[in-house]
Amino acid sequence: AQVDRSLKGDQNCTVCHDESWRTPVLSIYQTKHGVKADERTPGCQSCHGGSAEHQNDPGNKSPDVVFGAKSKNLSSGEVRNAACLTCHESRILPRTNWSGSQHETRGVACSDCHDIHTPNPRVLNKLTQPEVCFACHKTQRAQIRRFSRHPIAEGKVTCSNCHNPHGSTGPTLLVKNSVNETCYTCHAEKRGPFLWEHAPVVDDCTNCHTPHGSNLSPLLKMRPPMLCQSCHSGDHGKNLYSGANLPSGNATTVNGRLPLASQSPPAQGNSRSCLNCHSLVHGSNHPAGAKFQR
Amino acid sequence: AQTTAASQTTPEKKVEIGVGGVSDNSFKFGEYNGLRNQGPFGVGNFDLRGGAAYDSGSTWRWRFTGTNLGLETRNLTAAFGKQGKFRFIFAYDELLANRSDTYRIPYLGAGSNNITLPANWIAPKVPQVSANNVNFRSFDPIAGTGSVINSAGVLTPPTAVQLATLANIRAADVPDFRNVNLATKRTRIDGGFSYSPDQQWDIPIGFSHEHKAGRKALGAVSSQVSENAIIMPDLIDYDTEQANVSFNYKRKKLFLTGSYYGSFFNNNVKSMTWQDVADPTKSATMASAPSNRFNQFSLTGGYKISSNTKLVVTGSYGRNTQDDAFLGPSTAANGQLAFGLPAGSLNGLVVTGTLNAKLTAKPTKKLNLSAAYKFDNRDNQTPVNIYLFQDANESKSGVSPFAGLNGLPVTLGSNTNIYENRAYSKQINQLNLQSEFAVAKRQWLQAGYDWQKIDRSCSGSWINCADAPATNEHTLRAEWRKSTVGNLTARLGYAFSWRRGKYDENAFLALVPMANVVPAGGATTSVLGYLNQTGLTGFGPVAGLPATPLTGNAAIFSPNNNIVPQALYGSRNNINELVGMRRYMVADRNRHKVRSNLEWQATEKFSLQGTGEFNDDDYLNSIYGLKKGTFWEASLDASYAASANLVADLFYTYDNQRFLSAGDAYGSNSTAVFQGQAADTIVSGGCFATVAAKNANAKIDPCLNWSKNNRDKIDTVGFIIRRKNLISGKLELADEVMFTRARTDTAVNGGSYINNPLALAAPAPPLPPGTPAVFFIPASDYPTLRNDEITVRPSATYALSKSASLRAFYMFQRLMAADWAYLGIQFGTGTNYLPTNEKSPSYGVHAAGFSVIFTF
């Protein structure tokens, strides 16, 4: 049935759920969902249902749709989502890709992340949004604290810069069609196309990088030379580099500094390792840059 | 506290002004937060919002915000409009990324794209080692003056003249090293407008401009032959524009959108030039990232076929172009491009196309079904050409076996690279099927199957360029999920994937088109022809060693069946790989994934949550390269909410990541039977007792097999507490404590042969009988790479009045870092790359301040 979305209709609820209620229910009128002059704006019963039983017996019967996460009468995710999708599936800020998305199929409900009544929802603030996502994504919560990281804890980059939690055409809910397209929104200099392309780079940035944080800068899965030697076994890529080749290692003499014979080639095993020379690993546009040195 | 209806329904405006201070300079502490410098800083934040009252007849809304106004991380936004009709939004944002404040170089001109050595620079050499080769041990009085064994086998201390030369080098060069801060800053402006002429149409438009400027460290090799390199301050000066516009059409069951996205990257730096530290008469030039453009059009349609069935189809078409002028022979120093260029620019074009279709249905109340298909194509249509070049700062030498063939110059050197660019294309076809069944109330069982086929190729390539031209991956997955209203949620999921593809160990030939041409010198077939005839790869036979050099077509390999030599490719690098090397991004793989989650609301106030994650990647057919990758994580959260006024959270997360890889430091087989003198034949350690046996089997010596086991072990602990409404509701306290203990260990198995420094040719004396001429030195593990960080961040807010409050904040952060990468960049430690003397960025910094917050 058509609900009365006017303030008069809301009074069915606000007569009890007024300014003295334990949570500031009325603050929804500060939000977009409270602008009554917008003819699309819902009323209380648009989302919570007509809730006739609750009105008749508020002490024992709950509203038709209950969003409170800790409520014993919490409605199912499907029911809660249906309340939002009434408007947001196709008509207003459509969440076209929600249906069948990773979050939808794992039972996540809109209200698990969105706090509709507050004028300062955490999920819409770059600084506080990660707190919402980390309620489930514990691994990423730890990763953003690592030595090498995106400025997520500082609120300069936030989860939704890369991910669309409402569903997307990309992998892992990325905002673009692919990992690389997503990364290029901030790192366009890596896009090329370059004269000399590096196959794993154009394939997928996450072949080498782990975007949420790493102990190895810059956001690397492994430190060179180990990372490079995962794929390169020719020429000096074949060589064994180990702690023996570092200053004071077994392959050095004279205060641990003088390389012993040719077994301590520091350029490949020390400092930036392979990247001391092959620094343009994302691609080179120099006609002599096929080895990513120019 | 807001207790009236008016206060709850009236937008609150907030202005915060204050001052703070930082105890110490630290780039790492201030990496992203703007607090890199010791001293005071301003605190400035505001959030002003308003518009028509909710119960008025108007939909005007506006909001202005500003954060971190006193820091180089400031952000300003302005948004206003009539809700449901139109909206403007503007934003300004700064983001500082500090990289190093301990980096030192002797070069002048940091901050430009041409860095030069000071006039007093003396090429650093250790004269008693070599009069010609650069050697940065000369910067250190201890390492630089190490005694050496001369050709007569005598330990010889440096002469007074040599010592004086070293002293002169140090006196001239070491003071030239000066600090250059490495940091970049992004400054971004965003503008947006959305317009809804009616309820069926939305037209959002967005535009952004970002300028990124500063300096980053970048490795730069001066000479390929001697491998002299520096870490230079690469000049960053980028401008990137992004634009998007969409036309959204909406009906109750239908949603259609057509959109455009454009991204235009412009690099204001075309190249970096630097002088060679070994020979300042030479300079080298490196190309900077080229400017590029990306235009993409997308169409999306969503239709609700029935109340329980929905179809969404999305397609996109994009063009990524790049046509920056190549650096020509005149700017590519020292004859690297002596034979000219096939084109003045790349004329690069990558066409991307995607199609996604997803059908979701709920045929019964208990059953959800979904099917999705994805097509994603990266079609690189960049022209393919042959490029002739010498390696870094190298001049032509020798005569190429392809000189004068196939239109190549007759003067081609044997060290000239004859390379063809590879324009990588990739096409993905993917299918995802999933069903979910409610096995009981609030209990679901999910099962799914995914198939992904990836085809990789290079348009215009003379031969297949992809290590695995096609890979197929299948995934079977299942998940169980249960929730009990109000107190228990559990989830357990498992997925198994298997990826297979046919690996082509000769795909590297795509880079070297002359592999399809019969070289001069007596062969009757090309490299490719011979490999096809014999079934070998460029690595050659793994075993089976003729005593004499190969002849005829077999001579495409180096003597004794060693790898195809550089003369045939004009390549100083041997670009073929070990037989059995599989690049992990396409290698056959079995993957197991487990995910679990358990949430328990023990009481109304106390809850526990545990999560676990396990990934295991087994590259089952990879003999060399990455063989295994394992990751597992466990988290435990405890949350206590005594009331709305007191909330405390404690969590612990443990991550363990492991990569196992293998390689082989094979050598060139040789018939040499001694080292130095005929009597010097003993090998100590390793797999062979004599030099003769070791040399004959250098290509298959099992002791040259190595493996590495990289392991990250990271503990993260966090504690957050918030206490409100103290002192009659006037005081609010909060504290956050975070601790991360991160360790990266790399265990290495294997070893290397090292000649006895005294095993020298005559006139040096032979070694005493029984003395090893060659030693096998076992590998040792890398030192632990450690980053331990603790952060303590308490704050207090005290209400001075209804509209003003005082906020005091404090932050202490300590980083204890140890990284072996810094060991080799100190004076006296490296031999052929310029030390930067950078230090591990450990720090302990306090930041504190107070502010007044006005609300109205």
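## A salt bridge between the chains

In this predicted model, the side chains of Arg223(A) and Asp819(B) come together in a salt bridge, with a distance of 2.7 Å from N to O. Side chains of opposite charge can pair when their charged atoms come close. The elements of chain A that give two or more residues to the side touching chain B are α8 (138–143), α11 (199–203), α12 (226–229), α13 (254–257), β2 (258–259) and α14 (266–269).

## The interface as a whole

The contact between the two chains involves 138 residues of chain A and 211 residues of chain B. Between them, chain A and chain B bury about 13800 Å², and 52% of this area is on carbon and sulfur atoms. Across this interface the rule also finds 75 residue pairs in polar contact, counting pairs in which both residues have a pLDDT of 80 or more.

One residue of chain B that touches chain A is Asn832(B), which has Ala267(A) among its contacts. Asn832(B) lies in the loop between β38 (804–818) and β39 (843–855) of chain B, and it counts as buried because its relative accessible area is 12%, below the cut-off of 20%. Leaving aside neighbours within four places in sequence, the contacts of Asn832(B) within chain B are with Phe136(B), Ser226(B), Glu227(B), Asn228(B) and Ala229(B).

## Chain B in outline

The secondary structure of chain B comes to 5 helices and 39 strands, and its C-alpha atoms fill a box of roughly 100 × 65 × 55 Å when this is taken along the principal axes. Chain B has 856 residues, of which 50% count as buried. Among the contacts in chain B with a separation of 6 or more, 65% are between residues 24 or more positions apart. Chain B exposes about 35500 Å², with carbon and sulfur atoms supplying 59% of that area.

Helix α3 of chain B covers residues 527–534, and its buried residues are Val527(B), Leu528(B), Gly529(B), Tyr530(B) and Leu531(B). Just after this helix, Gly535(B) takes a positive phi of about 75 degrees.

## Salt bridges within the chains

Over all chains, the count by this rule comes to 47 salt bridges. One of those in chain A joins the side chains of Arg40(A) and Asp38(A), at 2.8 Å from N to O. The two partners fall into separate classes of accessibility: Arg40(A) counts as partly exposed because its relative accessibility is 23%, whereas Asp38(A), at 5%, counts as buried.

In chain B, Lys185(B) forms a salt bridge with Glu72(B), and the closest N and O atoms are 3.1 Å apart. Lys185(B) lies in strand β11 (residues 182–198) and Glu72(B) in the loop between β3 (60–67) and β4 (75–82), so the pair ties together parts of chain B that are 113 residues apart in sequence. Both partners count as partly exposed, Lys185(B) at 22% relative accessibility and Glu72(B) at 26%. A further pair in chain B is that of Arg741(B) and Asp715(B), whose closest N and O atoms are 3.8 Å apart. Because Arg741(B) lies in strand β33 (residues 731–749) and Asp715(B) in strand β32 (residues 705–726), this pair ties together parts that are 26 residues apart in sequence. Arg741(B) is partly exposed, with a relative accessible area of 34%, while Asp715(B) counts as buried at 16% relative accessibility. Salt bridges that share partners also join Arg36(B), Glu72(B), Arg74(B), Glu94(B) and Lys185(B) into one network.

## A nonpolar patch on chain B

The surface of chain B also carries a nonpolar patch of about 530 Å², made by Val19(B), Ile727(B), Tyr798(B), Leu800(B), Leu806(B) and Phe850(B). Of these residues, Val19(B) lies in strand β1 (residues 14–22) of chain B. Val19(B) counts as partly exposed because its relative accessibility is 38%, a value between the cut-offs of 20% for buried and 50% for exposed.

Definitions and conventions. Residues numbered from 1 in each chain as written. Chains lettered and ligands numbered in written order. Predicted model: local features only at pLDDT ≥ 70, side-chain atom pairs only at ≥ 80, totals over all residues. Heavy atoms only, no water. Patch = residues over 30% accessible without salt bridge, like charges linked within 9 Å, V, L, I, M, F, W, Y side chains within 5 Å. Areas by Shrake-Rupley, 256 points an atom, 1.4 Å probe, with all protein chains shown as cover. Salt bridge = Lys/Arg side-chain N within 4 Å of Asp/Glu carboxyl O. Helix = DSSP H or I, 4+ residues; strand = E, 2+ residues; numbered from the N terminus. Buried < 20%, exposed > 50% of the residue type's maximum accessible area, 1.4 Å probe, protein only. Contact = heavy atoms within 4.5 Å. Buried area = accessible area lost by both parts, 1.4 Å probe. Polar contact = N/O pair within 3.5 Å; in protein donor to acceptor, adjacent residues only side chain to side chain.
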